Amino acid sequence: MDKKSITIQNLEAAFAGESMAHIKYRYFAKVARAAGDEETARHFEATADQEVQHAFGHLDLLYPKDKLTTARALELAIEGETYEYTEMYPKFRHLAVEEGNQAAVAEFDEQIAESKEHAEAFRAVLEKAAKRFAALAKVEEKHANAYKDVLDRVNAMMKKAA
Ligand SMILES: [Fe+2]
Ligand SMILES: [Fe+2]
């Protein structure tokens, strides 16, 4: 495994921080709204929207658009969800059991089930997309062959004329 550059690591950390700020402000908005403070709730939501843009700025550098295909994005999503339900949450669950935190155990169980569902749904989308890519490649091949036929004919005609 090649070592990640410090700037890539910092971009990942900054992306995580902005993403957390986004969700935290959404949550704080919910709390403020429930307390009847609509103005503060809106302020949190407006700031949360800006944090999304900050996070996107980091993602532009982490996943350059010219390298990120839809298929690759689906693979990354499957990887992330699979990591959650096969490694991260089972480990967290185990430690929550040891600490006797039943609320956390129950929540982790829910998240395990949902991450698994997400991974499976993404995989289904990827498989469907792969079929579409294959069909598209066939059409491209047909076009390429048709062009090649024309080119061969033109070449043959030119040879005859020469
Ligand atoms: Fe920010
Ligand atoms: Fe998920």
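1. Let me start with Ala34, which lies in helix 1 (helices being DSSP runs of H or I with at least four residues, numbered from the N terminus). Ala34 is exposed, because 9 other C-beta atoms lie within 10 Å. The cut-offs here are 20 or more other C-beta atoms within 10 Å for buried and 12 or fewer for exposed, with partly exposed in between and C-beta atoms placed from the backbone. From Ala34 to Lys138, 104 residues apart along the chain, the C-alpha atoms are separated by 56 Å.

2. A word on the source. This is a predicted model, in which local features need pLDDT of at least 70 and side-chain atom pairs count only at pLDDT 80 or more, while totals for chains, interfaces and linings use all residues. Residues are numbered from 1 along each chain as its sequence is written, and chains are lettered from A and ligands numbered from 1 in the order in which they are written.

3. Ala14 also has its place in helix 1. Ala14 counts as partly exposed because it has 16 C-beta neighbours inside 10 Å. Its C-alpha atom and that of Phe44, 30 residues apart along the chain, are separated by 20 Å.

4. Helix 1 (residues 6–34) and helix 2 (residues 38–62) have axes that come within 8 Å and cross at roughly 165° (axes are lines fitted to C-alpha atoms over the stretch in contact, with angles from 0 to 180 degrees between N-to-C directions). Helix 1 is therefore roughly antiparallel to helix 2, a label for angles over 145 degrees. The contact of helix 1 with helix 2 has 16 nonpolar, six polar and seven charged residues.

5. Helix 3 and helix 4 make another pair to look at: their axes come within 8 Å and cross at roughly 160°. Helix 3 is therefore roughly antiparallel to helix 4. In the contact of helix 3 with helix 4, the residues divide into 20 nonpolar, five polar and seven charged.

6. Which residues form the largest nonpolar core? There are five: Tyr85, Tyr89, Phe108, Ala119 and Phe122 (such a core is a set of buried Ala, Val, Leu, Ile, Met, Phe, Trp, Tyr and Cys residues joined through C-beta atoms within 7 Å). Helix 3 (70–99) and helix 4 (102–161) are the elements that give two or more residues to this core, and the largest share, three residues, comes from helix 4.

7. Finally, Tyr85 touches Ile112, Ser115, Lys116 and Ala119, leaving aside residues up to four places away in sequence (contact means C-beta atoms, placed from the backbone, within 7 Å).

Terms used:
Two residues are in contact if their C-beta atoms, placed from the backbone, lie within 7 Å. Angles under 35 degrees count as roughly parallel, over 145 as roughly antiparallel, 65 to 115 as roughly perpendicular and the rest as oblique. Ala, Val, Leu, Ile, Met, Phe, Trp, Tyr, Cys and Pro count as nonpolar, Asp, Glu, Lys and Arg as charged, and the others, Gly among them, as polar.
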